[in-house]
Each structure stands twice: as C-alpha cells, then as structure tokens.
Amino acid sequence: MIKGLLFDLDGVLVDTEIWHIKLDEVCLKDLGYDDVDPMVFVSLIGAGKGMDPWENIYKQLPDDYRTNGFKENFRNYKSTLFSYPPFSELIFPEVRESLKTLKNNGYLLACCSSSKPDYINKALRDCDIYQYFDVVLSGHDFTKSKPDPEIYLTAMKKLNLVNDECAVIEDSSYGIEAGKNAGMEVLCIRDHFFNINQTRADYMFENLKEITDFLLSNNN
C-alpha cells in the first residue's frame, strides 16, 4: 500500500521548464545566436549537480561553438535576466488542491528536486505549498544526482517507509530512472512539449489531479 509520495518539483508542481525554454529563446536572440534552436537545451531538464548535459548540447551545435565561449556567454547572460522564475504564476492550477487532498487522506509527502535548496524552498513558499511536505530534499545535498536513487531512498528513510510503500511522481527521464533505481513505482506527468523519454514510468497521467484520483481509487 502506498503511504508516501515523493515529488519532483520542476515540471511536476511548477511549469518552469517551458518558462526556461522561452527565456532561452530570448537569450539566444539577444546574443546573436539566431542559428541555435532553444530546444537543444532540453538535455538540461532534470539534470542535477555533477552532471554535464552540455556534451549532448554541443552535438546539436556548429563545431566551433565548443571553443567560441558559447556556453559561458549564454549562461552568464541568462543569469543577468532573472534570479528566480515567477513561481507563484507558474504553479500548475490543480497542485494546491491536490496536495491538500492527499495530506487530508493521510499520505506523507516529500519534495525531492535536483535544484539548489534556496530555489526549492522559494518555489514551495512562493506557491504556498511548503506546509504540505514532511520532507524537502535537494540534489545538491547528495554526492550523486538523479538517475542515482540516493535522494529518493533518503526521503523514504526520513518518512520511515520502505520501497513498496512509496511512489515517485516525476516527468524527466533522469527522475524516472531514479525512481525505478530506488525500487519504487513511478507515476509520471506526461510530456507534450519536449519529447522526453518517459517509457520506464509505471503509469502516465496528464496532471496531479489525475494522479490524486488514481491513488484515492486504487489505494484503499
């Protein structure tokens, strides 16, 4: 029986991934990189500390972009345009009510994101959902990032549960792999935009409301 739900943040609770791609498009245009499709940055989705998806990004760029300072120019310029996404505007509309319903039905909740701690805490507080989580973990607190299962196994232990009492709620391929590597069931928010490989997920849903309804119907 599922007792604990372990949530990713970006793309699951807040619609920040599309926001980032749109900002990437602005950055590329401002910097004069009009020949670069912003979708090359899809490799960054779900990537955490210790991972370097730029090898895959460079494969989609002209050869000289490895040596012309593209990565540094892009990252530095993007950092000047924003400190944090406007989280309160980007929370998926069903999230607050779904989290409230899950808590009221006795589920233990954890937020397990590869993002930095200050990013996670600001997102949860700005969206007024921090209070629903029993555990909040950042991938920056661990040696290895998703798809390594460490963050999910740690959340499980902090909730005093075992593998088959936990379900992971994810959208990225790294996160789905992390959940499966942790020996847990993975409930996935379907991607319609980035062509993310989600084939290893156990169940697919359109949003958190569908997941909530599924859990309440099948976990009693």
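Predicted model: local features only at pLDDT ≥ 70, side-chain atom pairs only at ≥ 80, totals over all residues.

Student: Okay, what share of the 220 residues count as buried?

Tutor: Take the under 20% cut-off and apply it to each residue. Over the 220 residues of the protein, the share that counts as buried is 49%.

Student: Why does a radius of gyration of 18 Å agree with a compact globule?

Tutor: The protein has 220 residues, and a compact globule with that number would have a radius near 17 Å. The value here agrees with that, because the protein has 18 Å.

Student: How many helices and strands are there in the protein?

Tutor: Let's count both kinds of element. The protein has six strands, and the number of helices is nine.

Student: Which residues of strand β1 point the other way from Gly4 and Leu6?

Tutor: Strand β1 covers residues 4-7, and Gly4 and Leu6 point one way from it. The residues on both sides are buried. Pointing the other way are Leu5 and Phe7.

Student: And which residue in β4 is the bridge partner of Leu6?

Tutor: Strand β1 runs parallel to β2 (residues 108-113), with four bridges joining them, and there the partner of Leu6 is Ala110. Four bridges also join β1 to β4 (residues 166-170), again parallel. In β4, the bridge partner of Leu6 is Val168.

Note on methods
Residues numbered from 1 in each chain as written. Heavy atoms only, no water. Helix = DSSP H or I, 4+ residues; strand = E, 2+ residues; numbered from the N terminus. Rg over C-alpha atoms; globule rule 2.2 N^0.38 Å. Buried < 20%, exposed > 50% of the residue type's maximum accessible area, 1.4 Å probe, protein only. Pairing = 2+ DSSP bridges.
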